[in-house]
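Thanks for asking me to look this one over. My comments are below as numbered points, to be read with the model open beside them.

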Amino acid sequence: DAFKDAKVVSVYGGHSEVLTGDIILLTTHQLYRYNNYFDLLIIDEADAFPYKNNLVLNHFFKRSIKGNYIMLSATPLEESIKEITQNNDTYLTLMTRYHNHPLIVPKVIVNPFLLKIYLISYLYKFKKLNFPVFIFVPTIEEVETVYKLVSIFFKNGNYVHSKRNDRDKIIDDFKKGKYQYLVTSSVLERGVTVKNLQVIVYKADDSIYDSSTLIQISGRVGRKIDAWDGNVIFLCQKNNSSINNALAKIKEANSYV
C-alpha cells in the first residue's frame with residue numbers, strides 16, 4: 001500500500017521462485033541467497049528466535065549488506081547494544097508508540113492457591129465487554145490443560161502452540177472474530193495485532209518468562225490508534241525479578257510519553 005509503484009516480493013521456505021524486486025521481504029534464513037546485495041537491510045525483532053545468538057544467520061546478515069542496515073527491537077539484547085556502541089554505529093531509542101499513548105502497565109496478582117479462579121473471573125469480565133483475549137501459559141502441555149478447564153465455562157475459544165498444525169487458520173479465525181479467546185504458548189508473543197485485545201499471563205512467574213518476554217507479551221495490548229487502552233493481567237504464585245524488571249522498563253518507557 002505504501003509503495004504502489006515498487007515491485008514487492010516475499011522470499012521464504014517453499015516460496016522462492018522470484019528472488020529480486022525493489023523491496024524484498026524475507027526470513028533471515030533466506031539471506032544466504034543475497035551476497036553483498038542490499039543497499040538497505042532492515043531486520044525486525046533482532047533479539048528473537050531464530051536470529052538471536054545464531055552465528056550462521058548473523059553471518060548471512062552481515063554478508064548480504066552492500067550499504068546500510070537497521071536493527072529493530074522493543075527489547076534489545078545488552079550484547080547487541082554493546083556491539084553497536086563499540087562500532088560507533090548509531091543507537092536510537094524511541095519510547096513512544098505511534099499513537100502517543102502509553103504502554104499498558106500489567107496488573108500483577110500474586111496468589112499461590114487461586115490462580116484458576118482469577119483466570120476464570122477475568123475471562124468472564126472480558127467476555128461481558130465482548131473483548132478478545134489471549135491467555136498465555138508456559139508450556140504446550142499446559143496450553144491444552146488450561147484450555148480444557150476454560151472451555152468448561154466458555155465455549156467460543158480455541159488454543160494454539162508450535163505443534164498445532166492448523167494454528168495459522170485458528171489465529172486467522174480469531175482475528176475475524178470467530179473465537180473470543182485463545183489459550184496460547186509463546187508463539188503469539190510477537191508480531192500479532194488485534195483490536196481491543198486483552199491479555200492474561202497464567203503463571204507469569206514461570207522461569208520461561210524473562211523480562212523481555214513479559215514486555216513483548218504486554219505489548220500485544222493497545223496497539224491500535226482507535227483502541228490504545230486495555231488490560232494485561234499477570235497471574236503468579238510469587239513475584240520475581242523478571243516481573244519486576246518488566247514493570248520497571250514499561251514504566252520507564254512511559255515516562256517519556
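1. How close do the axes of helix α3 and helix α4 come, and at what angle do they cross? Bear in mind that this is a predicted model. The axes of α3 (residues 115–128) and α4 (residues 140–153) come within 11 Å, and the crossing angle is roughly 50 degrees. Angles under 35 degrees would count as roughly parallel and 65 to 115 as roughly perpendicular, so α3 and α4 are oblique to each other. The crossing of α3 past α4 is right-handed.

2. Next, the side of each helix that takes part. From α3 come Lys116, Leu119, Ile120 and Leu123, and they meet Val146, Leu149, Val150 and Phe153 of α4. Sorted by class, this contact has seven nonpolar residues, one charged residue and no polar ones.

3. The axes of α6 and α7 come within 8 Å and cross at roughly 50 degrees, which makes α6 oblique to α7. Here too the handedness can be stated: the α6 and α7 crossing is right-handed.

4. By class, the contact of α6 with α7 divides into five nonpolar, four polar and one charged.

5. Beyond its neighbours within four places in sequence, Leu214 is in contact with Val201, Ala204, Tyr209, Phe234, Ser242, Ile243 and Ala246. As background, nonpolar side chains in soluble globular proteins tend to be buried together.

6. Finally, is Ser185 buried or exposed? Ser185 sits in the loop between β8 (181–184) and β9. Its relative accessible area is 7%, and under 20% counts as buried, so Ser185 is buried. Leaving out neighbours within four places in sequence, Ser185 contacts Phe136, Val137, Val143, Val160, His161 and Ser162.

Methods
Residues numbered from 1 in each chain as written. Predicted model: local features only at pLDDT ≥ 70, side-chain atom pairs only at ≥ 80, totals over all residues. Heavy atoms only, no water. Contact = heavy atoms within 4.5 Å. Axes fitted to C-alpha atoms, helices over the stretch in contact; angles between N-to-C directions. Helix = DSSP H or I, 4+ residues; strand = E, 2+ residues; numbered from the N terminus. Parallel < 35°, antiparallel > 145°, perpendicular 65-115°, else oblique. Left-handed = near helix turned anticlockwise from the far one by under 90°. Nonpolar A, V, L, I, M, F, W, Y, C, P; charged D, E, K, R; others polar. Buried < 20%, exposed > 50% of the residue type's maximum accessible area, 1.4 Å probe, protein only.
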